[in-house]
Amino acid sequence: MSSTFPIISINLPSIHSPIGNLEDKVLDYLFLVICCSEGASLNNPKILSHVCGHWRRIAIREPKLWTEISVHEELKRIPPTVREKQKKPRFLATLDRVEAFLRRSQDNLPLDVAINLTILPDNGDHIVSALRSNFRLHTRMLSQLLSPYLGRLRCLTIVVNEYPCLLDLQVHFSPAPPMPYLCALDIHAFGDSHPCLDEEVVALPLGYSHAASPCAVQDYCPRLTYASLTGVPVNFQRFAPRNLTELSLARIPCVPALTWHEFREILEANEATLEVLHLSSVSLPLMHAFLPITLRNLSSLLLTYAKPEQLLCLIEMLHVPNLEYLSIIDDHRAAGFPLSYGVPCSQGFFSVLSGLIDNFPLSSIRELELAHVWFFPGRHEDAGGHVINACHLDIRATAFDFFSALESLQVLHLVSPTTMPLDILNYVPPPPTSHRTFPLPPLPNLQELRLSEFNKHVVRDFLLTRTCIYPRNLETIHLEMPSNWAGDIYLDVQPFCKTPEIELVPRVGKRMFTVLNKPPAYWMSQFPPRRILDPHHMW
């Protein structure tokens with residue numbers, strides 16, 4: 001029995017499109033540009049390998065496409081109906097993707113790995129407990145999957161919201177092999193969980209414990225130039241890299257406690273290369289007898305403190321002749337903001353200002369950030385240590401000397417400022433008399449002023465004062481303020497600078513908005529605002 005079948009002709013224009021005629025070398029180059037350029041999605045190699053069989057073969061045989069691995073997993077309660085539709089749990093699917101990337105990359109190419117894990121807090125719910133157990137099990141599976149490739153790491157970024165996740169992730173990392181490619185180590189453990197004394201103290205991925213090790217960090221990671229550790233317990237007896245250009249230590253748990261001797265050894269090991277140093281709430285014992293250490297190449301210094309006394313010890317220890325950027329943040333006040341608004345700062349901060357004047361090259365600093373640092377009492381005299389009339393600017397005060405020493409400052413960023421630094425910006429010396437001369441206005445080279453989380457009435461007063469005394473105009477005044485203040489004519493900075501910048505924050509908490517919107521006189525510990533300052537009574 002014979003039968004005839006109709007001939008069906010399908011026109012596929014994509015087969016004859018110009019991109020289908022490109023040579024493999026050209027496609028290789030295009031794939032590398034698409035996958036390796038800055039800001040490219042880390043899922044691009046997988047997408048390209050699923051377009052067609054030809055593209056898949058080209059993508060798989062190019063190992064450079066598979067050297068950037070990203071894991072971003074968040075544990076959250078999924079409705080049962082959605083869970084039933086999933087062919088495989090999300091974390092297991094991610095593990096399959098990571099395994100494919102590792103397999104398709106060649107053995108001699110360095111790897112960039114970024115891991116972000118967020119887990120639900122344990123609230124006693126049996127469902128949450130089961131989900132947490134599975135999540136931590138999958139985290140240990142990820143550790144086992146990555147452990148054979150530690151020697152190829154070039155950049156490692158880990159962000160977790162609980163310290164146990166960090167322990168699960170490093171469970172298969174010890175003993176770690178030498179890592180000749182590793183140049184950047186960025187590890188952050190947030191949340192309220194803290195390590196116990198019986199837990200292993202690590203500096204991921206090095207896997208050091210309390211036991212002495214014959215090799216130090218520089219032997220494992222000779223190319224390590226960037227290290228940022230937040231909430232990570234570190235055995236500082238072994239953590240001594242030698243070629244760091246940037247070091248950031250934040251909220252290091254006291255297990256074991258960091259000593260001045262260990263901290264000094266870290267700085268001395270990187271004395272010739274360190275350019276950026278960030279210390280945030282690092283607990284160091286108070287000490288007053290030590291030799292200063294010179295960091296000639298240090299250009300940026302960020303200091304976050306809870307106790308001014310510890311900050312003063314550090315200032316007296318460091319000698320930074322070429323410092324250009326300085327940031328000082330009151331961590332205690334910032335963590336309690338806005339409830340901390342109006343609370344006087346300790347007198348110890350004025351000792352910090354004196355220490356900066358005596359030990360730091362303030363004349364070379366070009367950019368300064370003061371966040372939640374309150375010059376309060378605002379008119380503190382060195383000699384008597386008392387507060388003079390709130391309606392006057394005391395040119396003998398420590399703060400005035402501090403700002404006067406900033407001769408090269410170009411950018412000033414004040415977060416939650418008090419009236420003192422703003423009054424100094426408005427200082428105009430009266431004509432000299434036969435009995436007295438007055439200092440020149442501080443900050444002669446200031447070009448940009450940035451104000452954020454400020455009290456509306458304090459800044460209003462600052463601008464109204466500039467209207468009356470006509471100080472030197474700035475290039476830029478940047479205000480970061482709630483969108484509710486957009487129509488306030490008293491916050492118009494147009495007359496006082498060439499380039500006004502207004503950044504509106506769409507959502508501000510009700511409590512914070514109340515704090516920022518109330519006149520300072522509402523807070524018993526704050527001075528009332530001064531609408532206009534008479535320039536002849538500012539001394």
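# Reading helices, ion pairs and rings in a predicted model

Modeller: In helix H5, the buried residues are Phe91, Thr94, Leu95, Arg97, Val98, Ala100, Phe101, Leu102 and Arg104. Buried means under 20% relative accessible area, exposed means over 50%, and partly exposed lies in between (1.4 Å probe, protein chains only). The model is predicted, so local features need pLDDT of at least 70 and side-chain atom pairs count only at pLDDT 80 or more, whereas totals for chains, interfaces and linings use all residues. Residues are numbered from 1 along each chain as its sequence is written, and side-chain values use heavy atoms, with hydrogens and water left out.

Colleague: What span should the 15 residues of helix H5 have?

Modeller: The expected span is 1.5 Å times one less than the number of residues. For H5, residues 90-104, that gives 21 Å, and the end C-alpha atoms are 21 Å apart, which agrees. Helices (H or I, at least four residues) and strands (E, at least two) are DSSP runs, numbered from the N terminus.

Colleague: Which side chains meet in a salt bridge at 2.6 Å, N to O?

Modeller: Side chains of opposite charge can pair when their charged atoms come close. The criterion here is a side-chain nitrogen of Lys or Arg within 4 Å of a carboxyl oxygen of Asp or Glu. The pair in question is Glu99 and Arg103. Both lie in H5, 4 residues apart, about one turn of the helix. An α-helix has 3.6 residues a turn, so residues three or four places apart point the same way. Glu99 is partly exposed at 33% relative accessibility, and Arg103 is partly exposed at 49%.

Colleague: How many salt bridges does the count come to by this rule?

Modeller: The count comes to 9 salt bridges. One of them joins Arg136 to Asp168, with the closest N and O atoms 2.5 Å apart. Arg136 belongs to helix H6 (residues 126-146) and Asp168 to helix H7 (residues 163-169), so the pair ties together parts 32 residues apart in sequence. Arg136 is partly exposed, with a relative accessible area of 26%, while Asp168 is buried at 6%. Another salt bridge links Glu448 with Arg450, the closest N and O atoms being 3.1 Å apart. Salt bridges that share partners also join Arg136, Arg140 and Asp168 into one network.

Colleague: How many aromatic pairs does a search of the whole structure find?

Modeller: A pair of aromatic rings is described by the distance of the centres and the angle of the planes. Rings of Phe, Tyr and Trp (its six-membered ring) pair if their centres lie within 6.5 Å; planes under 30 degrees apart count as stacked, over 60 as edge-to-face and the rest as tilted. The search finds 4 aromatic pairs. Among them, Phe400 and Tyr427 have ring centres 5.2 Å apart and planes at 90 degrees, so this pair is edge-to-face. Phe400 is in helix H13 (residues 398-404) and Tyr427 in the loop between helix H14 (419-425) and strand S14 (448-452), 27 residues apart. Phe400 and Tyr427 are both buried. For Phe454 and Trp485, the centres are 5.8 Å apart and the planes at 45 degrees, so the pair is tilted. Phe454 and Trp485 are likewise buried.

Colleague: Where is the nearest cysteine sulfur to Cys155?

Modeller: A disulfide is a pair of cysteine sulfur atoms within 2.5 Å. By this rule the count comes to 0 disulfides. The nearest cysteine sulfur to Cys155 is that of Cys183, 4.0 Å away, and Cys155 is in no disulfide. Cys155 is partly exposed, with a relative accessible area of 24%.
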